[in-house]
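Here is a short walk through a predicted model. Keep the structure in view as you read.

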Amino acid sequence: MRLGWGAVLLIMILFFPEAKADRLSLLENKFLELESAQKDLALKQQEVVVLPSDQSGPIHSFFKDELFIGGFFETGYEMIVGPNTPFQAAEVESLLGLNISATFSDQLRLSSQFLTGLNIHIAHEHYDPLTSNIGFSNQRIMSGYVYGALIPQGYLEYRMSDHFLIQGGMGYVPFGYSYQQREPVLFERRGGPQMIRTNPLVNPLWAGVNFQGIYALEITGGNWGYNLYSFSPVEDPQYPGVGGRIWWARKNEDFKFGMSTQVGKLGVVTSEALGADLQMKMKPFMVTSEFVHTFVHSDDDPWSIYIEPSMMIVREIVLLYVFADYADSPLNQAVFGNKSGTTNPYKKWEYGVGVNWLPTSYVRLRLGLTYNDYVGGSMQASGQDRNYVSADVSAGVTF
Amino acid sequence: MRDQLKTNNKILAGLIAIFICFHDLAKAEEIVFIVNAENPIKEMRNQDVVDIFLKKKREWADASGIHFIDRKDGSVERHIFLTQYIGRSDRDIELYWIGQKLYSGNAAPMQVLTDQNAEKMVSTFKGGMSYVLSTYVLGKGVKKIMIQGNTSP
């Protein structure tokens, strides 16, 4: 465009030497106007591409809402061996998650997650050889494929203000750190701590309504927030339960602390779960710790605690972690979901060390070693040593 | 002796000149925060900037929505913004948004490349907010706001 107008000016100067200065000035102004219009057009073109969806890219919603799509993929290879556990190795996990969120207005939004996976699980993980009497495996063994698809999260959110929003549907329960952090790429060790693998401690999903809000702390800086929700207990979904959480975080989120609770039916009794969680970051160090105790009004309540310090040994790329993780699960069932009353109680420490390599923020490659140490009365079952060692190589990718 | 003094003075003058040049360069690398010209706000706290960027605060005092416009990764403006106002690294922020994908369904703010586009976006949205280099000459559709409580260098 600039060259075109330049050529026109040149031709006029060459072939019309009598052209007056004011005419040249007029043309020059016209040229500047056109150049300005061209810049505006380029900006508007960018707005047309970017503004309607808030993001550039080839994926758009069918309608006029803003659509976000993302997800994760995790795969893991595990080896186990112990005094009474034969060496076994398998690709134990392939899990794909899809997150879809649609924003209809500043107040109204839909958020969901879809999971599908193919796993090889360790059947009878806390094995008691006596359970073979009732038809279960008498050994800890990597069994056949388990596969499935589910929607663990799907809710409609209405935000009345920053201090109060309502979600209706279901989602991961806001209890501590690991119960609500189900983005595998953010876990330093695959599968997370024992407490989210120990049943029954906390109901893993809220269902019904979830109220939440955030407040700024004027004096100290940072924020505090709350959750209040209902849930349907896994054991007795006909009686709704309620839960709540209150948390506090410093301005840069380098210190977060929270307390959580749940009250709901667990079999014939009403149980109360109480938890506390803490996360501190002081670069290059980070510590995450959580505790949960479920009161079932017996002498032997299930509870769990872990601490996981880590350190970036190569700035923001390679992370080294260690952990100590304890779970006391007196009501553990020999087979998940079994209602025959066959329990397989255990008390177990997990100690370990591992390395995470984050070539980008969106990829986490892990190598972990865990010693599974059964203690107290659960060290041995029917004369067999329950301890075992597991090594794990895994990759988590988020997109 | 006199020659030595002259040489020393020249060196000193050179050092002062270099200091002034670099000081001016350092001064040039500052950002200012802009909002839509119709927005009545004149100043906000650094904590509010953090909360708005992380989408913990999503509305202005009149309950209208905030549309924060971020700058492209790796740009000078974003580097200053993250280090001096947010206090977190680029990677930290990426991990934060990865978590938010599930926690809240929130997505990272839209990013634009140039000061001109940031200004254009903010002037388009009544609830818009962004940041530009302090040397950028602002147009009529936006206005600068003061940030209180920023103690970073």
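Start at B:Val122. Leaving aside residues up to four places away in sequence, B:Val122 touches B:Ile34, B:Val35, B:Asn36, B:Ile69, B:Gly128, B:Met129, B:Ser130 and B:Val142. B:Val122 also belongs to the largest nonpolar core, which has 22 residues. B:Val122 is among those with the most contacts inside this core, along with B:Ile34, B:Phe53 and B:Met129. Four elements of chain B give two or more residues to the core. They are strand E1 (31-36), helix H2 (46-53), helix H5 (115-124) and strand E6 (128-133). A second, separate core has 20 residues, and it includes A:Phe231, A:Tyr306, A:Tyr326 and A:Ala327.

Now turn to where the chains meet. Here 31 residues of chain A are in contact with 26 residues of chain B. On the chain A side, the elements that give two or more residues are helix H2 (21-50), E1, E2, E3 and strand E6 (205-216). H2(A) supplies the largest share, 4 residues. By class, this side of chain A has 7 nonpolar, 15 polar and 9 charged residues.

Next comes helix H4 of chain B, residues 90-103. H4(B) has 14 residues and reaches 20 Å from its first C-alpha to its last, close to the 20 Å expected. Which residues of H4(B) are buried? They are B:Leu95, B:Ile98, B:Lys101 and B:Leu102. Seen down the axis of H4(B), the buried residues fall within an arc of 105°, so they line one face of the helix. What covers them includes strands E1 (66-82), E2 (85-103), E3 (108-123) and E18 (388-398) of chain A. Just after H4(B), B:Gly105 takes a positive phi of about 75°.

Conventions
Residues numbered from 1 in each chain as written. Chains lettered and ligands numbered in written order. Predicted model: local features only at pLDDT ≥ 70, side-chain atom pairs only at ≥ 80, totals over all residues. Expected span 1.5 Å × (residues − 1). Buried ≥ 20, exposed ≤ 12 C-beta atoms within 10 Å, placed from the backbone. Arc of directions from axis to C-beta. Contact = placed C-beta atoms within 7 Å. Nonpolar A, V, L, I, M, F, W, Y, C, P; charged D, E, K, R; others polar. Core = buried A, V, L, I, M, F, W, Y, C linked by C-beta atoms within 7 Å.
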